[in-house]
Amino acid sequence: MGKEQLGVLNALDAAKTQWYHFTAIVIAGMGFFTDAYDLFSISLVTKLLGRIYYYTEGQKSPGALPISVNAAVNGVALCGTLAGQLFFGWLGDKMGRKSVYGVTLILMLVCSIASGLSFGRHAGGVMATLCFFRFWLGFGIGGDYPLSATIMSEYANKRTRGAFIAAVFAMQGFGILAGGVVSLFVSSLFNKRYPSPAFQQNGIINGSKSTVPQADYVWRIILMFGALPAALTYYWRMKMPETARYTALVAKNAKQAATDMARVLHVDIEAEEDKVTKIVEDQANSFGLFSREFVRRHGLHLLGTTTCWFLVDVAYYSQNLSQKDIFTNIGWLPSASKMNAIYEVYKIARAQTIIALCGTIPGYWFTVAFIDKMGRFKIQLMGFFFMTVFMFALAIPYNYWKEHNHTGFVIIYALTFFFANFGPNATTFVVPAEIFPARLRSTCHGLSAATGKAGAIVGAFGILYASQGPDKSQNGGYPAGIGMKNTLIVLGCVNALGMFFTFFVPEAKGKSLEEITGEDETQNGDMEMPRAHPSRANYL
């Protein structure tokens, strides 16, 4: 077995952390900032949409989105994201990472603006237009997952690769925070400029007076703001060179790979065209995604990355998109009838901002700090474990939290977000960008991410319905469910299952991408591939 590591890849692996690494993190990370802002800001304005478009004068409660409309508005972007992850993941391996990187950003920019300009003669028309543009917004967001992760993994050195990829993903936290802050600012400004009474005050129903006409601008401004970071990033994305690993190992252009990386690293790099030809023509490096050889080498790895991402997203997205409902159920947010429409946006945004500051953002950056010290496996296993513990801690004494200790509930709820992000929500993004061959890396990351978004859809829709009480008459039109307490128990079991599937995922800490995948080796027999985590044999 002979090593055939390319000089250009060795240079990348051994490079000291320098300015181009941070530039790549910011360029790729701003896409994720936009992704998170666009995906999660919709949950801040759905109650406002219900008040504006689905209130009939004389109703004794504020207007609310019908069940089907609420599900569509919240979930259509996730469906688009799933499709985009599959399509752009595949396209990134066929055409190159950079070639399609700008397309995803343009889609996000255009559709963010278009979402805020949704039009129609009646409520149904506005919602249909909004859902149309949010699907294509999600399609662009989906492309950012495999492309950003793959680009960052292929640019990074092997010593701090995990931290760099995790830092890109950590920008999600700032995107979620920005959604809350922008919503706080816009709603506060409009509420002060256009004051209105609460829906019900001193026993008097104020009805439509609690929703001023100018409230229609609030949700539009909040959604359109997502176009700004995308616009600021586009130029720099187009200036990034293609990754050397794609150029050399997939496009088979050793000279261009050496030229690009010499310019980035400021060193002289030999092209080594003969060595590239030898590596890419080796039969051991030519198997396809649907081949037996891929199943033998990476089948368990793909099972691990897809299943773990699916399970964590069931829990993560159900919590994120239903925060407002959970906080209302436990009494941390006032009932809608005690607020006017714009002030309700303010209160929901404040709750999301607090959770983002206390749990979401710290969790992401703990992962950045420790992933190359602890390793991906330990962080993911630990995260799933504590998510399970805290979910059961919320569920079992749920009635106590609801009736006596709202603050305690919120603290433990924030801890589930902390360990999701200092855990599987981050590692499931990092690992698929490291453990698959260059020619299939973007595709496999897209497959893993798309499976995760399928989990997000289950979380967004299934948990929404499941969390309804058993008494249908008190569910506002929703069918009978198993209640919030039992739903939290189910989510705890989902997280526990994630611990089991973590043992199918290999550790990539401290290794070059080619060492992990075997692309730098020529065969004189069977090649030994990285196995699932060594501890797996003790548990399965």
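Histidine 266 is exposed, at 67% relative accessibility. Exposed means over 50% relative accessible area, buried under 20%, and partly exposed in between, with a 1.4 Å probe and protein chains only. The model is predicted; local features need pLDDT of at least 70, side-chain atom pairs count only at pLDDT 80 or more, and totals for chains, interfaces and linings use all residues. Residues are numbered from 1 along each chain as its sequence is written, and side-chain values use heavy atoms, without hydrogens and water.

Histidine 266 has a positive phi, and so does lysine 252. Most residues other than glycine have a negative phi. Helices below are DSSP runs (H or I, at least four residues), numbered from the N terminus.

Met261 belongs to the largest nonpolar core, of 147 residues. Such a core is a set of buried Ala, Val, Leu, Ile, Met, Phe, Trp, Tyr and Cys residues joined through side-chain atoms within 4.5 Å. Tyr145, Trp219 and Met261 touch the most other members. Helix H2 (residues 19–53) gives the most to this core, with 18 residues.

Confidence is given by pLDDT, from 0 to 100 for each residue. The chain mean is 86, and 91% of residues reach 70 or more. Over residues 522–528 pLDDT stays under 50. Where pLDDT is low, the predicted coordinates should not be read in detail.

Note on methods:
pLDDT is the predictor's confidence in each residue, from 0 to 100. Contact means heavy atoms within 4.5 Å. Helices (H or I, at least four residues) and strands (E, at least two) are DSSP runs, numbered from the N terminus.
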